[in-house]
Amino acid sequence: MSKGVTVSEGVTVSEGVPVPESAFIEVDRVEKVFDVRRRTGFLRRELRRVRAVDAISFTVARGEMVGYIGPNGAGKSTTIKMLTGILTPSGGRLRVAGIDPSRERSRLAHRIGVVFGQRTTLWWDLPLIDSYRLMHRMYRIPDGRYRENLDRLVELLDLSALLDVPVRQLSLGQRMRGDVAAALLHDPEVLYLDEPTIGLDVVSKARVREFLRELNSERGTTVLLTTHDLQDIEQLCSRVMVIDHGRLVYDGALAGLHEAGESERTLVVDLARELPPVDVGEAARVVRVEGPRQWLAFPASASAAPLVARIAAEYPLVDLSVREPDIEAVIARMLSTTTDAPNSPPERETDREADRETVVPGPGNS
Amino acid sequence: MGSARLYAAVAAGGFRRYATYRVATAAGVFTNTVFGLILVYTYLALWDERPHLGGYDQAQAVTYVWLGQALFATLAIQGGGFETELMERIRTGEVAVDLYRPADLQAWWLASDLGRALFQLLGRGVLPFVFGAVFFPTALPLDPVTWLAFGVTIALAMVVSFGIRFLVALSGFWLMDGTGAVQVLMVTGMFFSGMALPLNAFPRPLGDIVTLLPWSALLQMPADVLMGRTDPLPAFAFQAGWAVVLLAVGRLVQGAATRRVVVQGG
Amino acid sequence: MGEAGRLVEGLRAYRLIAGMWIRSTLAYRVSFALTVAGGLMVTGLDFVAILLMFSQVDVLGGYTLPEVAFLYGLSATSFGLADLAIGSAGRLGSRVRDGTLDTLLVRPAPVLAQVAADRFALRRVSRLIQGALVLGYACAALDVAWSPVKVALVPVMLVCGGVIFSAVFVAGAAFQFVAQDASEVQAAFTYGGQTLLQYPPTVFGKELVRGVTFVLPLAFVNWVPAAHVLGRPYPLGLPQWAASAPPLVAVACCAVAGLAWRAGLRTYRSTGS
């Protein structure tokens with residue numbers, strides 16, 4: 001029961017330790033090194049030291065909504081796991097609401113909410129409402145507060161018809177909404193979301209995003225989310241942090257990321273028959289042709305509607321789809337165009353690969 | 001010819017799938033060795049009290065114990081082979097996809113389970129057996145023909161074991177919850193195969209009955225062939241007979257299940 | 001939070017989670033009753049195998065049927081207690097593998113309590129019931145002069161035995177932090193231990209008896225204290241006071257298992273597996 005108490009503007013006190021509002025989450029040169037054993041022969045093993053997170057520093061102010069993005073294996077999940085106390089950092093200093101997560105995991109748990117997109121925190125075989133009842137008791141949420149929060153979350157996330165359904169029978173989108181509600185019943189000050197929209201249909205995505213926006217603006221909950229979906233970031237976050245190879249390579253506004261990335265969307269058109277590449281002048285360029293199917297790249301900032309209208313008017317169009325730029329592509333472009341990123345130690349460009357993996361000959365057998 | 005190739009590939013896949021779990025295999029070897037040790041001491045005490053119980057001498061009783069441990073995972077005597085997966089597929093309805101495959105459901109799972117059984121014989125069975133043979137007096141034949149016959153009984157036992165478990169798995173089409181069927185499989189497997197006590201050591205009328213049941217084709221037959229207590233040919237006939245009956249019943253049940261799925265639309 | 005505070009928190013979380021599972025199990029009474037009945041049959045046949053042995057012999061390792069039944073009942077009941085209370089912890093390896101352990105680490109409750117109470121399977125009472133039935137038969141059939149001490153020793157054995165088996169379960173779970181696929185090793189010690197203790201110590205080789213007395217002290221679940229009740233010589237010629245050692249052994253086992261669990265959890269949190 002360690003709710004912070006505001007003592008003066010901009011500073012809260014968490015059990016005696018002042019937490020500046022501007023550094024509610026504080027990450028200072030945090031690292032995480034894993035030893036990975038790899039089989040190289042029948043009995044031979046090689047021990048590799050992998051820096052999953054390499055001296056990352058950032059702060060997040062109370063009430064901010066931050067996107068944390070990067071390619072697969074860049075260190076996103078590892079960072080989240082350290083911030084929630086699941087993993088112990090190998091080095092550096094980490095504070096969330098003034099608490100050291102790995103040392104006071106249980107105390108921190110009362111103040112944070114966590115949603116893992118790929119696995120549920122709900123009890124799989126039991127009706128949704130049972131999980132909520134259990135959270136109520138486990139987090140010692142006062143009865144009135146619990147009922148109020150539950151009613152509000154059930155309404156906002158449209159869960160009323162699902163409460164008596166066992167979690168395993170829920171669709172992915174329903175389950176995700178159920179998970180988000182579970183993470184918020186105890187009024188956490190920070191909400192971590194690891195890939196909250198992965199695998200969701202368009203309607204579910206929109207609903208989850210809408211809800212998060214309201215949560216952040218009306219309740220002032222600090223939100224940190226990792227995602228593969230650029231639209232999550234576009235619609236939710238004013239600030240983006242990009243991590244690559246365990247290092248923070250960009251920290252700033254989304255606009256800056258787009259500029260840096262000059263990202264493009266792709267229009268995939270199926271024509272009635274095989275035709276030479278579609279010619280729509282400057283509006284788009286054909287990047288690939290495969291039988292009657294063609295891929296056209298156009299700027300992410302431009303609307304697809306005029307382009308589609310023009311192709312439909314001039315060509316025998318059968319079907320089409322628009323693909324958003326994937327985050328890997330944007331980051332790849334950004335990395336190739338930006339030379340000046342914050343938090344980048346000078347040696348970064350020269351020996352990044354070299355210091356990330358050190359090969360140590362390991363013992364032969366397990 | 002083409003389908004033989006297909007099923008060989010499926011069997012190889014079953015073999016490889018289990019071969020990837022090295023730690024689990026090592027753990028299994030350890031567990032079977034521990035259980036073998038416990039059992040072997042109780043049998044020694046039992047045969048000490050009653051020499052020639054069931055016609056076995058002490059060395060034969062010891063051999064029986066270690067053979068049981070070697071075949072425990074191979075023949076999935078307590079369950080734990082393909083049937084867990086098939087039942088899950090039936091429960092989730094994914095089995096409808098399998099029924100539309102060009103391959104036959106029964107043959108497909110038989111091939112896959114034979115691959116698994118072969119791996120577990122080599123990976124999990126051999127070591128406890130060797131351990132037993134090294135540290136305890138056993139009664140092993142020197143004659144290669146007996147070993148060859150023993151190999152045939154094991155192969156037949158694998159098919160009988162599959163036939164039983166296939167029926168258990170198919171019960172999932174009619175039962176809401178497979179827990180009961182799996183429990184029955186465990187009980188019958190442990191008890192009627194002679195895993196707990198050799199069938200020939202059972203008291204008289206009961207012993208005669210259990211020897212005729214299909215489970216006696218699993219452990220008792222291979223043991224008796226290995227230790228030269230029975231002629232191989234009648235043993236083969238007994239095992240093959242049960243294998244044919246079980247596979248045929250399995251096929252009938254599969255047909256009924258398929259009609260059921262088709263009628264319900266999956 | 002001190003050790004005592006942690007224990008209280010752990011028990012509270014355990015009660016909450018287990019309670020939820022029990023309520024949900026009992027929502028389907030018929031299905032539950034059938035499962036328990038089935039379980040009774042499974043475990044019952046286990047004892048039938050021993051009865052079959054005694055249909056051929058009068059004594060096994062010098063012990064009569066009621067004496068073996070006494071050992072069996074004590075072993076099966078204590079094991080049943082432990083399996084019911086904490087058997088779910090055996091699934092730790094698969095939780096580590098599929099990453100669901102992480103979801104337990106972000107909740108404000110000790111992980112061990114959560115793992116042990118998860119999917120609390122009330123149907124495991126069947127082992128407990130079957131063990132108690134055999135024990136009841138043994139107590140009635142035994143030709144023993146029951147002194148107050150001997151009578152009191154029976155519940156002490158059951159509780160201490162349950163605690164010792166629970167410690168083995170926890171240590172086995174801790175090992176799965178390191179080797180996630182090795183849940184069968186745990187089975188060798190839990191199920192294997194239970195089977196071992198069903199037979200008289202006189203049946204087994206000296207080395208094996210030494211191992212389960214001094215290394216993994218399962219002998220204190222029933223062999224040693226039961227020898228006192230039955231008026232039999234103690235295994236390995238242990239001194240008379242050894243029959244009163246089970247509570248001490250149980251505490252020591254818990255301490256070791258607790259350390260093992262902590263070490264395992266620390267490994268997980270520093271490697272992420």
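Predicted model: local features only at pLDDT ≥ 70, side-chain atom pairs only at ≥ 80, totals over all residues.
On the α3(C) side, the contact is formed by C:L74, C:T77, C:S78, C:F79, C:L81, C:A82, C:A85 and C:I86. The residues contributed by α8(C) are C:M157, C:L158, C:G161, C:G162, C:F165, C:S166, C:F169 and C:V170. Eleven of the residues in this contact of α3(C) with α8(C) are nonpolar and five are polar, and no charged residue takes part.

Helix α8(C) also packs against helix α12 of chain C (residues 246–271), and here the axes come within 8 Å and cross at roughly 20 degrees. Because of this angle, α8(C) is roughly parallel to α12(C). The residues of the contact between α8(C) and α12(C) comprise 24 nonpolar and two polar, with no charged residues.

The largest nonpolar core holds 241 residues, among which B:V160, C:I164 and C:V170 touch the most other members. The element that gives the most to this core is α8(C), with 15 residues. Leaving aside residues up to four places away in sequence, C:I164 touches C:L218, C:F220, C:V221, C:V249, C:A250 and C:C253. C:V170, another of the residues that touch the most other members of the core, also belongs to the α8(C) side of the contact with α3(C). A second, separate core consists of seven residues, including A:L267, A:V278, A:L307 and A:I311.

Two pairs of chains touch, and the most contacts are between chains B and C. In that interface, 31 residues of chain B meet 31 residues of chain C. On the side of chain B that touches chain C, α2 (22–49) and α8 (179–192) of chain B each supply at least two residues. The largest share of that side, 15 residues, comes from α2(B). By class, the side of chain B that touches chain C contains 22 nonpolar, six polar and three charged residues.

Contacts between chains A and C involve 22 residues of chain A and 18 residues of chain C. The elements of chain A that give two or more residues to the side touching chain C are α2 (105–109), β8 (112–116) and α3 (128–138). Among these, α3(A) gives the most, with four residues. The side of chain A that touches chain C divides into ten nonpolar, seven polar and five charged residues. Chains A and B, by comparison, are joined by no contact, and their closest C-alpha atoms lie 9 Å apart.

Residue C:G61 lies in the loop between α2 (29–56) and α3 of chain C. C:G61 has 19 C-beta neighbours inside 10 Å and therefore counts as partly exposed, given that a residue is buried if 20 or more other C-beta atoms lie within that distance. When residues up to four places away in sequence are not counted, C:G61 touches B:A45 of chain B, together with C:Y199, C:P200, C:T202 and C:V203 of chain C. C:G61 is 51 residues from C:G10 in sequence, and the C-alpha atoms of the two are 43 Å apart in space.

Chain A has eleven helices and 17 strands. Of its 366 residues, 40% are buried. For contacts in chain A with a separation of 6 or more, 69% are accounted for by residues 24 or more positions apart. Helix α9 of chain A (residues 305–314) contains A:A305. A:A305 is exposed because 8 other C-beta atoms lie within 10 Å.

Methods. Residues numbered from 1 in each chain as written. Chains lettered and ligands numbered in written order. Buried ≥ 20, exposed ≤ 12 C-beta atoms within 10 Å, placed from the backbone. Contact = placed C-beta atoms within 7 Å. Nonpolar A, V, L, I, M, F, W, Y, C, P; charged D, E, K, R; others polar. Core = buried A, V, L, I, M, F, W, Y, C linked by C-beta atoms within 7 Å. Axes fitted to C-alpha atoms, helices over the stretch in contact; angles between N-to-C directions. Parallel < 35°, antiparallel > 145°, perpendicular 65-115°, else oblique.
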